[in-house]
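I set out here what I looked up in this structure, entry by entry.

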Amino acid sequence: MELKLVNVSKVYKGKKKSEDVRAVDNFNLSINKKEFVVFVGPSGCGKSTTLRMIAGLEDISEGELYINGELMNKVEPKYRNVAMVFQNYALYPHMTAYQNMAFGLKNMHIPKDEIDSRIMKAVKILDIEHLLKRKPRAMSGGERQRVALGRAIVRTPQLFLLDEPLSNLDAKLRAQMRVEITKLYEQLDTPFIYVTHDQVEAMTMGTIIVVMKKGVVQQIDTPENLYDFPRNRFVAGFIGTPQMNFYETEMKKNEKNIEITLPNENILSIPLTQLRNIKKEYLDGELHHVILGIRPEHIHIVDQQTKGAFCVETSLCENLGSETLVYADFNLGSDLNIRESKSSLVIKKYDRTLYNPKDKIYVFFDANKIHLFTSDEKEESIYEEKN
């Protein structure tokens, strides 16, 4: 199965051209094998709109959509051979699970024996044989979602589209259904496209992730590359929990080192050999304004004598069981609270040592894990692209 979107855009027309809303802008994607593709981004970024254009539920304003080399822009949804699972399950309340799964197949005039065969195969995969005679009101949220998945499976589509299918479930059931959907993907020889605003779902389920912001694709990559090599500050901040720490800094190349001025005039001196390749224009010896990013798990609490350590003042600790989050600030002796400031930081550590407010601790930044971005509107990485 091959899916290709070429410069696809969606524009909602206003009364005047100036009132037009560009919900999706120049979306490009190519899938030519079995992949679990996740569209992720904040609410209103265009991910569900893109999914609906693939399904044929939204018209494409600009660009082309191809399935197996055939232009699909004007093809009706029922002829695209894709199956969509919605956020609200969309089950018929007066029908049993069996009837819900069989409904679409009956409309396609598929023989009853074939319908029975497909449904029994689907319910075994999803472990819902016991639900066949139940109506939706007699099912839990997770059971309804399994039936909705079963209804999609029995159609034997060439592409599965899932629009935030777990958002109505509680945290425990979400985690369970994440595993179930991943297992389903592994069993079926069919690509999945999955929409979510939850970056944990994206990172744990996707083989390819599309990060979107305001209708524009920011980066298409593997979960590992999004985490390690974000192309801009938005991707770096959106992927990872807790969010990456960011600081407006000044950077200058000095002999074989890069010197970065952190909040409260702390100087971070890093040998060039410990950093990824920085673009040449930032190594001219001039002072450059950049944004430094470092993830909470890459800040380490160390002894005062550790070379390159900085003193910070704690404000709050959160014990999460397997890990502890420490909130602190570079500004010593200030009136601290946990709200974000230009000098605050979050540290993620894997022990249960707690600190009191106003405690002084020393921290060390893992130089290999530092990210640097431009301070202009684009906020792009100043590292060379990873090959």
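**Helix 1 and its end**

I listed the buried residues of helix 1: Lys47, Thr49, Thr50, Leu51, Met53, Ile54 and Ala55. Buried means under 20% relative accessible area, exposed over 50%, and partly exposed in between (1.4 Å probe, protein chains only). Helices (H or I, at least four residues) and strands (E, at least two) are DSSP runs, numbered from the N terminus. Because seven of the nine residues of helix 1 (residues 47-55) are buried, I noted this helix as largely enclosed by the rest of the structure. Just after helix 1, I found Gly56 with a positive phi of about 95°.

**Basis of the entries**

I am working from a predicted model, in which local features need pLDDT of at least 70 and side-chain atom pairs count only at pLDDT 80 or more, while totals for chains, interfaces and linings use all residues. Residues are numbered from 1 along each chain as its sequence is written, and side-chain values use heavy atoms, with hydrogens and water left out.

**Cysteines**

I searched the whole structure for disulfides (pairs of cysteine sulfur atoms within 2.5 Å) and found zero. Cys311 is in no disulfide, and the nearest cysteine sulfur, that of Cys317, is 15 Å away. Is Cys311 buried or exposed? Cys311 counts as buried, at 17% relative accessibility. I also recorded Cys45 as buried, with a relative accessible area of 2%.

**Asp284**

Where is Asp284 found? I placed Asp284 in the loop between strand 13 (267-271) and strand 14 (288-294). Asp284 counts as partly exposed because its relative accessibility is 43%.
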